[in-house]
Amino acid sequence: MTDREYYGRTKKGFCRREKDGVIYYTVPSFDELGTLLHGFTSRIGGVSRGPFESLNLSLKREQEMDNVTENFRRAGRAIGVAAEDMAVCHYEHGINVEHIDETMKGMGIRRENTMPFCDGVFVTEPGTVAVTIHADCNPIFFADIQGRAAGVCHAGWKGTLGGVTGTIIRKLKETCGAEPKDVLFGIGPSIGPCCFEVKDDVGSLFIEKYGEEVRRIDGERQTIDLWLVLAKQLRELGVPAENVTMSELCTFCDSENFYSYRRDRAKTGAMGSFMALKPETKNDWLCE
């Protein structure tokens, strides 16, 4: 099976949901598990104004911190999780993924983030909500089908190039024994192959590692298909195509629903990915 054939066999489309005016998206296969509370927010349903309108979750870009705090509260209420239980990854555009627990609640929102630098966070017990922040970078949702672990990841082009999906698989194997065939993935709204334009310095890195097929050329314009890169990685890791759902929603193209760092030239807000195990989920296995 080629990489494009594998991509073609993945599931397509996230569910668009609304609660109390908040628009967010979920992965259908994750909904079917019945053990997860999760979602990817749009820019709709918050209190921020100006270029951050309205559900901005970036604490670094907006000066009105009360707005961002209220936005987290509204997003959490819509998805079904409490803002005080959230912990945001301490991202650095790398490939590290951290197992988090209740001791990290509030990090990155209500208190200083002292967890190790990481672009992915996952939980193995109910009560803590894993959060990552996005404004073009790929949101990667992942969950063990047996309910042993679930998380989210912020995959920028550097993390995607470096193979952060491999870290996810390795950490789940080490932590709870999950095999690649046991893990579901969802690739959320992010900058698409239509809009992730690069110069030769970046383009050559992807071509060298993932082949010419991940590049599109239109005259002097070249773009990289990060969605295909992630699919290629998952195929090579042994994740079945039917375990993967691609949202195929481009943040750059859709200014009504999404913030985009590139489109808005950095003066913009950010969306969030949220993941938690439902309170009734009980794990009997030993997590070292």
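Start by selecting Ala143, which stands opposite Ala150 in S10. Now widen the selection to strand S9 (residues 138-144) and strand S10 (residues 150-155): they run antiparallel and are joined by 6 bridges. Strands here are DSSP runs of E with at least two residues, helices are runs of H or I with at least four, and both are numbered from the N terminus. Two strands count as paired if DSSP finds at least two bridges between them.

A quick word on what you're looking at: this is a predicted model, where local features need pLDDT of at least 70 and side-chain atom pairs count only at pLDDT 80 or more, while totals for chains, interfaces and linings use all residues. Residues are numbered from 1 along each chain as its sequence is written, and side-chain values use heavy atoms, with hydrogens and water left out.

Next, bring up the whole sheet. It is open, has 7 strands in the order S1-S14-S11-S9-S10-S7-S6, and its pairing is mixed. Which strands stand at the edges? Those are S1 (11-12) and S6; each has a single partner strand, so one side of each is left without a neighbour in the sheet.

Select helix H5 (residues 164-176), which lies across S6, S7 (120-123), S9, S10 and S11 (183-187) and runs at about 25° to S6. Contact means heavy atoms within 4.5 Å.

Jump to Ser54, in the loop between strand S4 (36-41) and helix H3 (65-79). The peptide bond leading from Glu53 to Ser54 is cis, with omega near -5°.

Go on to His93, in the loop between S5 (86-88) and S6 (97-99). Its phi is near 60°, a positive value in a residue other than glycine.

Last stop: colour by pLDDT, the predictor's confidence in each residue, from 0 to 100. The chain's mean is 95, and 97% of its residues reach 70 or more. Over residues 283-288, though, the pLDDT is below 50. Where pLDDT is low, the predicted coordinates should not be read in detail.

Conventions: Axes fitted to C-alpha atoms, helices over the stretch in contact; angles between N-to-C directions.
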